[in-house]
Amino acid sequence: MEGKPRLHYFNGRGRMECIRWLLAAAGVEVRCGFIQIIFKLIQGGTLMYGQHLPMVETHGMNLVETRAILRYIPAKYDLYGGNLKEQAWIHMYVEGLNDLSNMIMFLPLSLPEEEMNLAYILEKATTRFFPVCEKVSNQLLPYFLVCNWLSWADTQQPKIILMTEECKPSVLLGFPLLQKFKARSKSIETVKNTFKLERGMFLKNMTSTVAEY
Amino acid sequence: MAARPKLYYFRGRGRMESIRWLLAAAGEEFEEEFLETREQYEKLQKDGRLLFGQVPLVEMDGMVLTQTRAILSYLAAKYNFYGKDLKERVRMDMYIDGTQVLMMMIIMAPFKFPEEKQETLASIMQKAKTRYLPAFEKILNDHGEDFLVGNKFSWADIQLLEAILMMEERSASVLSDFPLLKVVMNVKNFPVFSAFKALLPGKAKLTHLSLLLLPLGPTR
């Protein structure tokens with residue numbers, strides 16, 4: 001009875017991307033329902049706050065609000081560390097990186113001062129975010145950022161790195177540990193399988209360019 | 001041995017307010033250090049206590065926590081305001097995230113230009129009344145209970161209460177079309193918040209609560 005979770009969103013990354021990464025890391029197969037179905041859902045009253053994407057149908061529930069979904073998946077699939085304190089730390093880390101992710105995500109939607117925005121984002125990435133990531137990657141463990149197994153932090157970080165690299169391929173130059181981390185994360189079993197098969201996941205936000213992995 | 005939680009923020013509501021509410025609901029006393037000079041803020045950064053260089057910062061249980069949502073999540077889980085299982089939790093998260101989006105809009109409104117301010121506020125109130133409040137009214141109506149989730153006082157209720165008070169400050173009649181919300185989500189129903197409405201200036205324990213009655217805007 002428990003079918004695969006069904007993701008409703010545009011045919012692009014946007015806010016759904018974090019969710020896809022998490023599900024991929026958890027080894028969960030999904031079905032994707034793209035935007036056409038949305039209108040039916042609005043009429044049917046299943047979307048809570050009106051028109052609301054992303055939406056994930058899973059375990060008998062219709063989940064909206066990206067962050068709510070993002071907190072549900074790690075908890076459900078055991079990607080949230082081993083205890084409350086680790087959870088708090090992961091959450092803190094992920095939310096912080098999310099700021100960078102949002103900046104990049106909204107870049108195509110910004111005005112013609114885009115060049116300026118891009119430079120600003122890259123500067124923030126290299127001066128505020130990546131130094132922290134580098135320090136964190138240095139800290140404890142050989143393979144994972146927190147505790148001894150895969151967690152939400154381990155999916156958020158590669159996603160951010162890839163996104164930033166798309167803006168500027170050499171952005172990881174000053175960060176040897178992050179480069180190592182990126183190489184490592186490519187070899188995580190579940191992530192590797194999913195992203196190899198689904199090339200559609202790498203459509204840039206709203207255009208049809210397919211990014212290379 | 002457990003010291004009281006210590007909050008670092010500007011002297012104002014802003015993003016720290018929700019954290020104060022949660023701690024108050026848990027009956028947890030806390031200390032506050034107000035950042036009133038640039039040097040104080042820079043010192044925190046230099047000491048490496050601000051993970052991404054931002055406040056709010058909360059030190060508790062041997063941890064140095066930033067990122068409002070992470071802190072709130074931790075507090076909710078610690079004090080059992082997060083539902084009894086994952087399904088209740090995710091429902092709560094949906095409600096809370098929606099509420100927070102709305103509150104953010106209200107908080108940011110004072111930073112708009114004067115010409116835009118009135119218009120922005122009006123449109124926010126409109127969104128509140130057509131998109132958010134109806135959703136919560138429906139939830140209360142559908143299950144007929146006195147709390148948003150699981151028939152038990154939770155983070156969802158706290159967040160909504162805060163949001164409602166915020167809205168009522170700007171528009172006293174915002175709940176006029178929502179009878180259930182008016183009756184159920186009334187801060188007077190919750191004894192743990194009874195101090196809010198009674199300004200007791202002399203009492204050290206309640207000074208942090210008096211911040212709730214500061215005028216609009218995050219800084220004084």
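**Chain interface and helix packing**

In this predicted model, the contact between chain A and chain B draws on 30 residues from chain A and 32 residues from chain B. The two chains bury about 2900 Å² between them, and 67% of this area lies on carbon and sulfur atoms. Three salt bridges are found by the rule across the interface of chain A and chain B. A salt bridge joins the side chains of A:R71 and B:D97, with an N to O distance of 3.6 Å.

Within chain A, helix α4 (residues 84–105) packs with α6(A) at an angle of about 20°, their axes being 10 Å apart. Angles under 35 degrees count as roughly parallel, and α4(A) and α6(A) are therefore roughly parallel to each other. The crossing of α4(A) past α6(A) is left-handed. Contact residues of α4(A) include A:I90, A:Y93, A:V94, A:L97 and A:I104, while those of α6(A) include A:W152, A:Q156, A:I160, A:M163 and A:C167. By class, the residues of the contact of α4(A) with α6(A) comprise twelve nonpolar, six polar and one charged.

Helix α6 (residues 152–167) of chain A also meets helix α7 (residues 176–186) of chain A, the axes coming within 10 Å and crossing at roughly 110°. This angle makes α6(A) roughly perpendicular to α7(A). The crossing of α6(A) past α7(A) is left-handed. On α6(A) the contact involves A:D154, A:Q157, A:P158, A:I161, A:L162 and A:E165, and on α7(A) A:L178, A:F181, A:K182 and A:S185. The residues of the contact of α6(A) with α7(A) are five nonpolar, two polar and three charged.

Key
Residues numbered from 1 in each chain as written. Chains lettered and ligands numbered in written order. Predicted model: local features only at pLDDT ≥ 70, side-chain atom pairs only at ≥ 80, totals over all residues. Heavy atoms only, no water. Axes fitted to C-alpha atoms, helices over the stretch in contact; angles between N-to-C directions. Helix = DSSP H or I, 4+ residues; strand = E, 2+ residues; numbered from the N terminus. Parallel < 35°, antiparallel > 145°, perpendicular 65-115°, else oblique. Left-handed = near helix turned anticlockwise from the far one by under 90°. Contact = heavy atoms within 4.5 Å. Nonpolar A, V, L, I, M, F, W, Y, C, P; charged D, E, K, R; others polar. Buried area = accessible area lost by both parts, 1.4 Å probe. Salt bridge = Lys/Arg side-chain N within 4 Å of Asp/Glu carboxyl O.
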